[in-house]
Amino acid sequence: LPLSGVGLSAVADCLFVMLQNVTNRSGLEPAPWVSISASRQGEDVFVLRAENPVSEAVLENLRGGRLAMLENRYSAPEETAKLVDQEGGSGLPKLWRMTRSIDNHDETKPLAFGVTDDSLWYVQVKLRLIQQDGVYHVS
């Protein structure tokens with residue numbers, strides 16, 4: 001996928017935030033392995049996904065209500081925009097801001113996160129692609 005400089009910068013920014021999240025939030029020392037996948041959804045959406053193991057304590061916290069709280073926090077766009085402005089520009093708030101231009105015609109979330117059936121934490125972002133002059137920009 002030929003990305004413009006701005007497009008590559010956006011993808012690199014997402015990857016940096018995802019990897020930083022693993023280091024800061026996994027509860028494991030040293031930081032665990034991370035599985036990264038990238039794909040396209042249709043012609044105009046780039047999907048980036050990271051999965052990693054987390055400690056038992058982090059899993060218990062997520063399953064004990066933290067995951068539901070995070071899902072609620074990022075589910076209402078107008079309320080989330082206010083929270084993101086208050087919380088600053090790193091982690092999930094930054095990823096949410098980068099993905100909010102996606103139209104959800106298929107009802108999937110442009111920012112998704114949670115725990116897989118294999119007890120791995122995942123974060124997935126969808127970025128809009130705009131083709132121009134043989135390269136893709138990300139918006």
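These legends accompany several views of a predicted model of one protein chain.

**View 1. The whole chain, element by element.** Start here to get your bearings: the protein chain has four helices and five strands.

**View 2. The surface and the interior of the chain.** The protein chain has 139 residues, and 38% of them count as buried. Its accessible surface is about 8,000 Å², with 50% of that belonging to carbon and sulfur atoms. Among contacts in the chain with a separation of 6 or more, 57% come from residues 24 or more positions apart.

**View 3. Helices α1 and α4 side by side.** Two packed helices are described by the angle between their axes and the distance between the axes. Here, helix α1 spans residues 5–25 and helix α4 spans residues 91–99. They pack at an angle of about 155 degrees, and their axes are 9 Å apart. An angle over 145 degrees counts as roughly antiparallel, so that is how α1 and α4 run relative to each other. The crossing of α1 past α4 is left-handed.

**View 4. A closer look at where α1 meets α4.** On the α1 side, look for A10, D13, C14, V17 and M18. Their partners in α4 are G91, K94, L95 and M98. Sorted by class, this contact between α1 and α4 holds six nonpolar residues, one polar residue and two charged residues.

Methods. Residues numbered from 1 in each chain as written. Predicted model: local features only at pLDDT ≥ 70, side-chain atom pairs only at ≥ 80, totals over all residues. Heavy atoms only, no water. Axes fitted to C-alpha atoms, helices over the stretch in contact; angles between N-to-C directions. Helix = DSSP H or I, 4+ residues; strand = E, 2+ residues; numbered from the N terminus. Parallel < 35°, antiparallel > 145°, perpendicular 65-115°, else oblique. Left-handed = near helix turned anticlockwise from the far one by under 90°. Contact = heavy atoms within 4.5 Å. Nonpolar A, V, L, I, M, F, W, Y, C, P; charged D, E, K, R; others polar. Buried < 20%, exposed > 50% of the residue type's maximum accessible area, 1.4 Å probe, protein only. Areas by Shrake-Rupley, 256 points an atom, 1.4 Å probe, with all protein chains shown as cover.
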